[in-house]
Amino acid sequence: MWHAHAKINLALHVTGKRPDGYHLIESLAVFTRFGDRVEIERADSDGFSVSGKYASAVPLDGGNLAVKARDALRMEAGLQHAPPVVIRLEKNLPVASGVGGGSSDAAAVLRGLVRSWGLDIDDTELARIGLSLGADIPMCLAAKPLIARGVGDELSVVPGFPALGLVLVNPGVAVSTADVFNALEKRDNDGLPPLPRNFDFHSIRNWLEITRNDLEPAARAIEPAIGKALSVLNKAGAGFARMSGSGATCFGLFETGNVAKRAAAEIRSREPDWFVAATRSLTSEAD
């Protein structure tokens with residue numbers, strides 16, 4: 001079983017745009033224990049199936065990033081080294097929701113197939129293959145607290161970063177990343193401020209207060225329910241709340257995991273149709 005962790009952009013500054021249309025970013029991202037799960041088994045012929053709460057929103061053909069990851073790695077390794085496999089995806093994260101679900105699924109498939117096929121491919125090579133499929137996949141392969149720059153491919157792991165108590169909330173709406181970027185009014189914003197010297201709940205929260213998600217105003221204009229999700233998190237006692245990625249999933253930061261669980265239960269009782277998950281982020285030292 002391979003975990004496909006949700007990616008949470010704690011801060012996301014858009015700092016420019018390349019001639020090829022890709023936006024330049026600076027982002028502090030963490031990865032949560034909660035996410036999708038992937039199983040891989042050798043088989044007589046290739047297969048791909050999806051289960052879980054959000055299975056119905058997932059394409060089963062070559063348009064799926066998990067399938068693209070299998071095919072790209074097979075092309076790299078050569079057919080003789082990449083026999084047929086069945087891939088089973090348990091889809092627990094909402095689709096098109098700003099938490100890198102599809103990218104994380106692809107990263108889990110790449111990692112799983114390297115093991116299943118016994119390939120001699122290092123992390124740098126795997127990140128290169130991942131980047132050819134999507135800008136978020138290299139950071140999802142790393143799955144540790146990190147600063148991402150460039151198009152999301154220049155990664156610096158942040159040592160000593162603690163586990164954070166988080167509640168993830170999605171009001172049941174999908175937002176197109178392309179639409180959000182197209183709606184940006186300004187693309188040459190300042191980069192991230194220096195990180196605090198010591199990491200604890202209060203220093204991280206105080207640092208987040210002087211950062212932004214530059215995609216949030218555009219996403220809220222497209223989908224006003226994002227504003228409601230943030231309001232609900234604040235009412236439930238979040239120390240800090242913000243939208244992740246291009247939305248519509250929002251996160252609330254809580255001082256402990258237990259406080260986060262209580263807040264999630266409260267939000268679920270208010271909004272039973274929403275996606276709500278209490279979780280913790282992975283530390284820098286996680287395996």
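This is a predicted model: local features need pLDDT of at least 70, side-chain atom pairs count only at pLDDT 80 or more; totals for chains, interfaces and linings use all residues.
Biologist: Which residues does the cis peptide bond join?

Modeller: The cis bond links Gly247 to Ala248, with omega at about 10°.

Biologist: And where is Ala248 placed?

Modeller: Ala248 sits in the loop between strand E8 (240-243) and strand E9 (250-254).

Biologist: Turning to phi, what is the value for Ala96?

Modeller: Ala96 is not a glycine, yet its phi is positive, about 55°. Ala96 belongs to the loop between strand E4 (85-90) and helix H2 (101-117).

Biologist: Is Ala96 buried or partly exposed?

Modeller: Ala96 is partly exposed, because its relative accessible area is 42%, and buried would require under 20%.

Biologist: What about Ala143, buried or exposed?

Modeller: Ala143 has a relative accessible area of 13%, so Ala143 is buried. Its phi is also positive, near 50°, in a residue other than glycine. Ala143 occupies the loop between helix H4 (137-142) and strand E5 (146-149).

Biologist: Now the helices. At what angle do H2 and H3 pack?

Modeller: H2 and helix H3 (residues 123-133) pack at about 135°, and their axes are 11 Å apart. H2 is therefore oblique to H3.

Biologist: Is the crossing of H2 and H3 left-handed or right-handed?

Modeller: The crossing of these two helices is right-handed.

Biologist: Which residues meet there?

Modeller: From H2, Leu110, Arg111 and Val114 meet Asp123, Leu126, Ile129 and Gly130 of H3. By class, the contact of H2 with H3 comprises 4 nonpolar, 1 polar and 2 charged residues.

Conventions
Residues are numbered from 1 along each chain as its sequence is written. Side-chain values use heavy atoms; hydrogens and water are left out. Helices (H or I, at least four residues) and strands (E, at least two) are DSSP runs, numbered from the N terminus. Buried means under 20% relative accessible area, exposed over 50%, partly exposed in between (1.4 Å probe, protein chains only). Axes are lines fitted to C-alpha atoms, for helices over the stretch in contact, and angles run from 0 to 180 degrees between N-to-C directions. Angles under 35 degrees count as roughly parallel, over 145 as roughly antiparallel, 65 to 115 as roughly perpendicular and the rest as oblique. A crossing is left-handed if the near helix is turned anticlockwise from the far one by less than a right angle, and right-handed if clockwise. Contact means heavy atoms within 4.5 Å. Ala, Val, Leu, Ile, Met, Phe, Trp, Tyr, Cys and Pro count as nonpolar, Asp, Glu, Lys and Arg as charged, and the others, Gly among them, as polar.
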